Amino acid sequence: MNGIEFLVSHHTLVRKHLKGEVIPHLTSSAFKRTKDEFSSRLSSLDVADSRTGRGQPSSSGVEFKRQMEHLSHCLRQWSHQQKCCFLEELLRHSSTVQIQFLYTVLQPSVHRDFMYTMRTRFPEIEFSPISTHITRHIKKRLREVKKLRSFYRVDSAYIQQDEDVARVKFPPLLHNNFFPPKKKYIGFDYFNHEAKKSRGHNTETDDSLSSNKMSSNFSSTLSLDRTPRNKKTDSMNDTNVSMSDTVTVSVLNLPTEAKELLNCYRHRWTDSKRNEFLEQLILSLDPRQIYFVSKYLSFKQQKDLVGLLPRKLALKILSHLSVRQLLIACKVSKRWHSLASSNTLWKAKCQEVTIHVPIPSKPNWKLVYRDNCHLRYNWNNARYQSLELVGHTQSVQCVTCYGDKVATGSADQTIIIWDIHTGVMEQTLTGHSKGVWCVQFFTKHLLLSGSFDTTIRMWNLRTGQTTRTFFGHKNQVLCLKLRGTVMVSGSQDKMAKLWDVGRTLLVHTLSGHSAAVFSVDMSEDCQVIVTAAGDKTVRLWDKNSGQPIKCVWVSPNNSIMTISYSQGYFVCAYDLTICLYKGSKVVRTFDEHRQRVESVKLIITDADNGEGYLVSAGQDGLIKYWSLTEDQSLQTLSGHQQAINSIFVDEVYLASASSDKTVRVWNFNVGIDYQS
């Protein structure tokens, strides 16, 4: 407590001390310190008064006080309509300083208790609270705790523009109820529509509105009966026309004294005099005028400039906001929520990023953007829906996906086509004489498969028949990779072959490995072919010439079982170790699997900084998801009972084929439970 607070709260004790009486807890040093502080504060106030003209009364000060006295006398003679019209003009020419001053002064007075109390004093008028951010927040909190029905709350009125200030309460003489029974939303389009309807029933009101534009803004006053009308209430309203103040008052009809005060207020007085004048004015008003001022101030304090603009212009303004700012704007009001959720805005936001989720035919772009953001969160936090596909009779060796289809190849010499959403077996392809070791879609209805019978087949899924057969390998076909019309296959015969699928033509035979080629991949532009073999090396080949570009010795003892290439990086695995390379240089190694790694998939998101993610699967039956910038895996997925032989990974789905004769599809495009 400082000295000033002490003097204010303990002034009685100070007087006793000055008279010489003994006060135990008030020492002389404390009193002296307090007195000095009080004196210095008074001196500073004297200086301030001299600057603002509050010290010695000047001629202007005497004139101002005379005007205040004259105002008090005049206000007692003015009608309610004249007071409201005067207040309207006064507030229209008030600066931000005066608006804020009045808003602060009236806050303690205009609350819900004020509304209820004034109804007893003015029973013909129903005072309604004004909807503000605070009232809406309270209502939201009550809904959250499910106690809204436990409280009696009067519906609040919404004010968007100055014409709505007078329309919040209609005079009882008007039998038209412009508001819905519960929510009373007062907006530009709504009142334009209702005003046209009302003009057809009341021509006198229409004539008065058209004759004086300013009068129309505040022609009505404060009453609106929300209760069902009956003959009794109508007759009572008709008899109380004078109390409901339905007569329009123009600024031109104001008394001469009011016009003089308006002129002084606008052109002669300083902000301090204006505030003093407003303070005296508020004390002279009855609750009806106070409520009128509070409505106008509510509009001034919370005017929705963006919401009142034409939709096209408002969207242009909101287009400069970030995604986070747009989401915050959605919480401002219903109008802002409608604007900030516009498909036009969110389509532009989606075009600024890479969309990985499926886009429907008639997309809601806000939901598309949301699902796209959720996708990476789901991968990092292992949030997915898992679907098990059961149908093969022997070990499943390979899996691939295209759209809503999943294709799997097995040692039982069959290929099965599944629905990715339901897991229903749609089609079974037979024709290979030995187990199928690799499959990949060429188009939605064309599928390529490589088998232990040394052939590669192209299947027409419409007919279920083989349309083409690729001969060239002398031993089992272990792997293939297709991009566009370029296909690379690897075999037990130590060869990799480059094919033109469109012409069913063998382009190059890539020879150089001294052991079986277990895995192949290629660059995004198909210019670089990558092969991994049992001779412990990874070789890079030129697509056009078929000649080797580089040979990388990866492992001293173990075969390279799998490889994946992306944007100049490649990742390969031998035994329990996964190695990430850039060119011929090792960038990072990963070694969490407990048994041999059988399949990997690398996706680079930022080649300059080496950022991206990696998915790996092995004979331990586990799938691990890694960030390339961290040594430990982010997530581990389990579900298979035996070794995982192959995985397929895209932005949304992860599919795994296992020796336990099952296939699992992991869908990461799932929503987020915000409460959890």
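**Reading helix packing, cores and a sheet**

Tutor: Let us begin with a helix pair, in which Val97, Gln98, Phe101, Leu102 and Leu106 of α6 meet Asp271, Arg274, Asn275, Leu278, Glu279 and Ile282 of α16, where contact means heavy atoms within 4.5 Å. This is a predicted model, in which local features need pLDDT of at least 70 and side-chain atom pairs count only at pLDDT 80 or more, while totals for chains, interfaces and linings use all residues. Residues are numbered from 1 along each chain as its sequence is written, and side-chain values use heavy atoms, with hydrogens and water left out.

Student: At what angle do α6 and α16 pack, and how many Å apart are their axes?

Tutor: Axes are lines fitted to C-alpha atoms, for helices over the stretch in contact, and angles run from 0 to 180 degrees between N-to-C directions; helices are DSSP runs (H or I, at least four residues) and strands likewise (E, at least two), numbered from the N terminus. Here α6 (residues 96-106) and α16 pack at about 35°, with their axes 10 Å apart.

Student: Is Phe277 buried or exposed?

Tutor: Buried means under 20% relative accessible area, exposed over 50%, and partly exposed in between (1.4 Å probe, protein chains only). Phe277, which is found in helix α16 (residues 271-283), has a relative accessible area of 0% and is therefore buried. Not counting residues up to four places away in sequence, Phe277 touches Phe64, Met68, Leu71, Phe86, Leu90, Leu261, Tyr265 and Trp269.

Student: Which residues touch the most other members of the largest nonpolar core?

Tutor: A nonpolar core is a set of buried Ala, Val, Leu, Ile, Met, Phe, Trp, Tyr and Cys residues joined through side-chain atoms within 4.5 Å. In the largest one, of 48 residues, they are Trp379, Val406, Val615, Ile623 and Leu654. Helix α23 (residues 365-380) supplies the largest share of this core, five residues. Apart from it lies another core, of 32 residues, with Phe86, Leu91, Trp269 and Leu285 among them.

Student: What is the strand order in the open sheet of four strands?

Tutor: Two strands pair if DSSP finds at least two bridges between them. The order is β18-β19-β20-β21, with antiparallel pairing. Because β18 (562-566) and β21 (585-590) stand at the edges with a single partner strand each, one side of each is left without a neighbour in the sheet. The twist averages 20° from one strand to the next. Within the sheet, six bridges join β19 (residues 569-574) to β20 (residues 577-582), and the bridge partner of Phe570 in β20 is Tyr581.
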